[in-house]
Amino acid sequence: MLDKRMNDALNKQLNEELFSAYLYLSMSAWFDSIGLKGFANWMMVQYKEETEHAMKFYSYIQSRGGEVKLLAIKEPPQKWDSPLHAFEETLKHEQFITKCINELTDLAEELKDRPTMNFLQWFVDEQVEEEENDREIIDRLRLIEGSKNGIFILDRELAQRQFVPESQ
Ligand code: OFO
């Protein structure tokens with residue numbers, strides 16, 4: 001049985017993951033609206049991954065006999081100044097999520113909740129990858145410095161990203 005404090009914190013994280021999905025869906029729509037279909041694709045894949053993260057929390061809470069409580073999802077921003085700005089905001093958001101995951105881990109440790117510590121380890125590793133991916137694209141965008149040609153080449157590359165469901 002899940003401790004009430006752990007259950008509430010996991011529900012809050014379920015909501016943060018749904019907001020992450022919403023944020024990246026909004027970025028996908030924005031990239032699409034400025035003609036960058038490859039960037040839009042990258043963000044759409046990110047949206048799907050975040051939905052999967054949310055469902056991991058949903059299933060885990062249920063598997064421990066906890067109560068899933070769906071909270072209101074915040075409205076995400078709809079516009080960014082440039083592709084670089086959007087990715088800088090993405091990295092900032094992922095750093096915030098890393099902090100949330102670390103706090104959840106601290107709570108699980110405090111409660112000596114070993115199954116939850118084990119469950120969260122996947123997210124600890126995932127956050128390293130998430131931040132690294134964002135940093136890589138930010139570095140590329142800084143090198144390009146707004147060059148149309150550079151953006152076009154990167155757009156073609158980001159169009160290749162595909163969603164691979166976790167279970168596969
Ligand atoms: Fe972006 O990793 Fe979940 O939120």
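Predicted model: local features only at pLDDT ≥ 70, side-chain atom pairs only at ≥ 80, totals over all residues.
The protein has 5 helices and 0 strands, and from the N terminus on, its elements run α-α-α-α-α. Its radius of gyration is 17 Å, close to the 15 Å that the globule rule gives for 168 residues, so the protein is as compact as a globular protein of that length. Along its principal axes, the C-alpha trace spans about 55 × 30 × 25 Å. Among the contacts with a separation of 6 or more, 83% are between residues 24 or more positions apart.

Buried residues make up 44% of the 168 residues, while the protein exposes about 9500 Å², of which carbon and sulfur atoms supply 52%. In soluble globular proteins, nonpolar side chains tend to be buried together.

Which residues touch the most other members of the largest nonpolar core? They are F31, F39 and F87, in a core of 22 residues. At least two residues of this core come from each of α1 (4-33), α2 (37-63), α3 (83-110), α4 (114-144) and α5 (148-158), and the largest share, 6 residues, comes from α1. If you look at F31 and leave aside its neighbours within four places in sequence, you will find it in contact with L36, F39, A40, M43, P83, A86 and F87. There is also a second, separate core of 16 residues, and its members include M6, L10, I97 and L104.

Next, I would like to look at α4 on its own. At 1.5 Å a residue, the 31 residues of α4 should span 45 Å, and because its end C-alpha atoms are 46 Å apart, the two values agree. The helix does, however, bend by about 25° at L120. After α4 comes E145, whose phi is positive, near 50°.

Finally, where is K112 found? This residue lies in the loop between α3 and α4, and K112 is exposed, with a relative accessible area of 63%, which is over the 50% used as the cut-off for that word. Its phi is near 55°, a positive value in a residue other than glycine. As background to that last point, most residues other than glycine have a negative phi.

Note on methods:
Residues numbered from 1 in each chain as written. Heavy atoms only, no water. Core = buried A, V, L, I, M, F, W, Y, C linked by side-chain atoms within 4.5 Å. Buried < 20%, exposed > 50% of the residue type's maximum accessible area, 1.4 Å probe, protein only. Helix = DSSP H or I, 4+ residues; strand = E, 2+ residues; numbered from the N terminus. Contact = heavy atoms within 4.5 Å. Expected span 1.5 Å × (residues − 1). Bend = angle between axes of the 7 residues up to and from the residue. Rg over C-alpha atoms; globule rule 2.2 N^0.38 Å. Areas by Shrake-Rupley, 256 points an atom, 1.4 Å probe, with all protein chains shown as cover.
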